[in-house]
Amino acid sequence: YCGLIGGELHAIIAWERGPGFGYFPEGVRGFEQEARHTLRRTIAKFLGDEAIIDIDMHVIEGSPTAVLVTESASAHLLVLGDRGYEGLAGRLLGSVAESCARRARCSVVIVKDHTAGPTS
């Protein structure tokens, strides 16, 4: 994929500990492992398992909006997924996507996941 875009492709997942996030006996390491697993699953779902080799993956603790806006300063394009909700909620722009679209220092694309089928 890097050859197709003529540059590096970085996949970033940002996470922060908060109420309702869950419990991991391993503490922070467990949160990081779950975030990394989620990132790998997402890449494999949309780009295939082989894409993981070509993509620099980053798991960063912090506010997703703050992390992504900071990372956008050195990017040419910030690509965000949608919220993953169905029905009416799925048609709304999430707060992270909206904040990044307003504050990012590069162009932003928000990709809707249509693999789950129609949301109507």
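Mentor: Start with the elements: helices (H or I, at least four residues) and strands (E, at least two) are DSSP runs, numbered from the N terminus. By that rule the protein chain runs α-β-α-β-α-β-α-α-β, which comes to 5 helices and 4 strands. This is a predicted model, where local features need pLDDT of at least 70 and side-chain atom pairs count only at pLDDT 80 or more, while totals for chains, interfaces and linings use all residues. Residues are numbered from 1 along each chain as its sequence is written, and side-chain values use heavy atoms, with hydrogens and water left out.

Trainee: Why is T65 called buried?

Mentor: Buried means under 20% relative accessible area, exposed over 50%, partly exposed in between (1.4 Å probe, protein chains only). T65 has 9%, so it counts as buried. T65 sits in helix α3 (residues 64-72).

Trainee: What is T65 in contact with, leaving aside its neighbours within four places in sequence?

Mentor: V96, S99, C100 and R103. Contact means heavy atoms within 4.5 Å.

Trainee: How do you know that the span of helix α2 agrees with what it should be?

Mentor: The expected span is 1.5 Å times one less than the number of residues. Helix α2 (residues 28-47) has 20 residues, so it should span 28 Å, and its end C-alpha atoms are 28 Å apart, which agrees.

Trainee: Which residues in α2 are buried, and what do they pack against?

Mentor: G30, F31, A35, L39 and I43 are buried, and the buried residues of α2 pack against β1 (10-15) and β2 (56-61).
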